[in-house]
Amino acid sequence: MPRTLPNTPLRPATLLVRGGQNRSSFDEMSEALHLTSGFMYESAGQAEETFLGQIQHFQYSRFGNPTIEALQNKLAALEGAEACRVMASGMAAVHSAMLSHLKTGDRVVASRALFGSCHWIVSTLLPRYGIETVFVDGTDLDQWRDAFRKPAALVLLETPSNPMLELVDLPAVAELAHAAGAIVVVDNVFATPLLQKPLTLGADVVVYSATKHFDGQGRVLGGAVLGSQKWVDEVLQPFIRNTGPSISPFNAWVILKGLETLHLRLPAMCANAAKLADFLAGRPEVSRTLYPFLDSHPQQALAKKQMSAGGSLVTFDVEGGKEAAFRVLDALRLIDISNNLGDARSMVTHPATTTHMKVGPEERARLGITDGTVRFSVGLEDAQDLIDDLSQALDGLRSTGGGKADLSRAAAPDR
Ligand SMILES: *Cc1c(COP(=O)(O)O)cnc(C)c1O
């Protein structure tokens, strides 16, 4: 007799380790990797019954696979959502959540502070299909109120946002959005389900890039969409079944293994990030430090209401613009320059010339991204080693002739 998990509500750590397992008849301990594109039927009749939906049987990995299903069940249990679909990347998830729901003539309201590709979908892709899109400053409830004077079909927002770590008041925006007829889709990548549960704060759909903290070790891409059973079955599933943004079972399996330690990794990363934010806020070369739980964050109270910790990202401005920011990045010896985030390894990126280059200078100014802005994804190294690395890089700004830092980077054998 296969064992089933206890009926009592299980806590996040237990769900991350144990949730969602689909054991096969071999009783394997770890999740099996079902690296198969299709499934066989015992008879022509069983195939017919499967296609009629009369029996549950896997058909084809584009729309169902036991390893992928295990990941979906684990994520749904963790989020407290009725249903989940996992896809090939975070952008496949965002794109599918939006396009499955929308049609020509609809109106979309989005917060301006979005991940670059999400911004492109709203500003460039949706209008091509005759969907009207409106951007608002996500922190300003009056702008949301104005935008909802006309009916809307969908809201997309990110909180905290990338890279400026702005917060959106989820219950307030959800109430306005629902009154205007819209579903609320929240990109919860920066908070993860351990720090913030958008569905309990009024959202209808939550999307993730599993590439970030879920894998957390920089190996594979993945994405997830979570919502009600009805919406997932009737709206999302037909879209993904027929358009094919499917994840490889191998990538799903890697993410399953990554999730087993999320409850250990994330608090350690958040603790490091809080220390690094304090350190940066005290440095004269840094003109602004943004971290949701920092006393100086303009929305600290809202952050503490919606989130259980400040997250693993810190954004700061180096005094002296692009040149100074580049000098600091190039002088780092431990912290990598990379546009990924949520990884065990700490990494920094310069949004104005990378992730947010394509949105243009005017939009960057509106978002508050300056030429000195640096986004810092704090990892799992010892906080003091990270502080030491940043210290020496910031100290270097006081000496002239930045060539020395470049040489040390080029000479480092592990690069
Ligand atoms: C990375 C990211 C995405 C996109 O995810 P991919 O897995 O890279 O496709 C979307 N939203 C946010 C906030 C992200 O950080």
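Student: What radius of gyration would a compact globule of 415 residues have, and what does the protein chain have?

Tutor: The radius of gyration is taken over C-alpha atoms, and the globule rule is 2.2 Å times the number of residues to the power 0.38. For 415 residues that rule gives a value near 22 Å, and the protein chain has 22 Å, which agrees. Along its principal axes, the C-alpha trace spans about 80 × 55 × 40 Å. Please keep in mind that this is a predicted model, in which local features need pLDDT of at least 70 and side-chain atom pairs count only at pLDDT 80 or more, while totals for chains, interfaces and linings use all residues. Residues are numbered from 1 along each chain as its sequence is written, and side-chain values use heavy atoms, with hydrogens and water left out.

Student: How many helices and strands are there in the protein chain?

Tutor: Helices (H or I, at least four residues) and strands (E, at least two) are DSSP runs, numbered from the N terminus. By that reading the protein chain has 16 helices and twelve strands.

Student: What percentage of the residues of the protein chain count as buried?

Tutor: A residue is called buried under 20% relative accessible area, exposed over 50%, and partly exposed in between, using a 1.4 Å probe and protein chains only. Of the 415 residues here, 52% count as buried.

Student: How do I read the pairing of strands, and which strands does E4 join?

Tutor: In general, strands of a sheet pair through backbone hydrogen bonds, either parallel or antiparallel. Two strands are said to pair if DSSP finds at least two bridges between them. Strand E2 (residues 107-111) is joined to E4 by three bridges, and these two run parallel, with alanine 110 standing opposite leucine 156 in E4. Five bridges join E4 to strand E5 (residues 183-187), again in parallel, and here leucine 156 stands opposite valine 185.

Student: Is strand E4 mostly covered or uncovered, and which way do its residues point?

Tutor: Strand E4 (residues 154-158) is mostly covered, since five of its five residues are buried. Leu154, Leu156 and Glu158 point one way, whereas Val155 and Leu157 point the other way, and all of them are buried.

Student: In what order do the five strands of the open sheet stand?

Tutor: The order is E8-E9-E12-E11-E10, and the pairing is mixed. Its edge strands are E8 (286-290) and E10 (336-337), each of which pairs on one side only. Within this sheet, three bridges join strand E11 (residues 347-349) to strand E12 (residues 373-377), and the two run antiparallel; methionine 347 stands opposite serine 377 in E12.
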